[in-house]
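Student: I have a model open and want to learn how to read it. Where do we begin?

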Amino acid sequence: QLKFVESGGGLVHPGGSLRVSCVASGLSLDAFAIGWFRQVPGKEREGVSCVSRGGGNTYTSDSVKDRFTIARDNAKNTMYLDMSSLKLEDSGVYYCGAATPGPGLYGRLCVPYQYEYWGQGIQVTVSS
């Protein structure tokens with residue numbers, strides 16, 4: 001069983017930067033595809049940025065392209081989302097997730113229902 005503890009959220013001004021982290025335990029994160037997802041009230045959880053187990057396939061939402069970067073540190077069993085040039089519409093609850101590699105991920109790398117392990121979610125608020 002893979003478990004996550006998220007940290008790093010908070011309040012940031014428009015144009016600012018923030019890093020959210022997810023420390024994994026129980027299993028090695030490098031065995032999984034990983035992703036960051038965002039949910040706002042009244043809307044479904046959406047994929048923000050995801051990367052396959054080996055890093056060969058990636059997905060980044062057009063809304064965050066060139067501003068958000070996903071990364072993992074296998075030695076620390078931790079994944080990160082570095083966010084810059086933050087906008088008001090980036091606000092939401094951010095979830096880290098992990099998915100077992102397999103054919104189901106082909107063409108659906110950043111689809112939430114493909115992910116079986118989730119962090120508890122952390123609030124990011126962009127406000128002036």
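**Reading salt bridges, strands and loops**

Tutor: Start with a single side chain. Lys65 has a relative accessibility of 41%, so Lys65 counts as partly exposed. Keep in mind that this is a predicted model.

Student: Which residue does Asp62 form a salt bridge with?

Tutor: Asp62 pairs with Lys65, and their closest N and O atoms are 3.1 Å apart. Asp62 is exposed, at 65% relative accessible area.

Student: How many salt bridges does the rule give here?

Tutor: The count is five. One of them joins the side chains of Arg67 and Asp90, at 2.7 Å from N to O.

Student: Where do Arg67 and Asp90 lie?

Tutor: Both are in loops. Arg67 is in the loop between strand E6 (58–60) and E7, while Asp90 is in the loop between E8 and E9. The pair therefore ties together parts that are 23 residues apart in sequence.

Student: Are Arg67 and Asp90 buried or exposed?

Tutor: The cut-off for buried is under 20% relative accessible area. Arg67 has 10%, so Arg67 is buried. Asp90 has 1%, so Asp90 is buried too.

Student: Which residues do salt bridges with shared partners join into one network?

Tutor: Arg38, Glu46, Arg67 and Asp90 form that network. Within it, the side chains of Arg38 and Glu46 meet at 3.1 Å, N to O. Arg38 is buried, with a relative accessible area of 6%. Glu46 has 36% relative accessibility and counts as partly exposed.

Student: Now the strands. How do I read a sheet?

Tutor: The strands of a sheet pair through backbone hydrogen bonds, in a parallel or an antiparallel way. Here, look for an open sheet of four strands. Its order is E1-E3-E8-E7, and the pairing is antiparallel.

Student: Which strands stand at the edges?

Tutor: Strand E1 (3–7) and strand E7 (68–73) do. Each has a single partner strand, so one side of each is left without a neighbour in the sheet.

Student: How many bridges join E7 to strand E8?

Tutor: Six bridges link E7 to E8 (residues 78–83), and the two run antiparallel. To check one by eye, take Thr69. Its bridge partner in E8 is Asp82.

Student: And the loops? Where is Gly16 found?

Tutor: In a loop, Gly16 sits between strand E2 (10–12) and strand E3 (18–25). Relative accessibility there is 19%, so Gly16 counts as buried.

Student: How far apart are Gly16 and Leu86 in sequence and in space?

Tutor: They are 70 residues apart in sequence, yet 5.5 Å apart in space, C-alpha to C-alpha. Now list the contacts. Leaving out residues up to four places away in sequence, Gly16 touches Met83, Ser84, Ser85 and Leu86.

Student: One more loop residue. What is the place of Gln114?

Tutor: Gln114 is in the loop between strand E9 (92–99) and strand E10 (117–118). Its relative accessibility is 16%, so Gln114 counts as buried.

Student: Which residues is Gln114 in contact with, leaving aside neighbours within four places in sequence?

Tutor: Its contacts are Ala99, Gly104, Leu105 and Arg108.

Terms used. Residues are numbered from 1 along each chain as its sequence is written. This is a predicted model: local features need pLDDT of at least 70, side-chain atom pairs count only at pLDDT 80 or more; totals for chains, interfaces and linings use all residues. Side-chain values use heavy atoms; hydrogens and water are left out. Two strands pair if DSSP finds at least two bridges between them. Buried means under 20% relative accessible area, exposed over 50%, partly exposed in between (1.4 Å probe, protein chains only). Contact means heavy atoms within 4.5 Å. A salt bridge is a side-chain nitrogen of Lys or Arg within 4 Å of a carboxyl oxygen of Asp or Glu.
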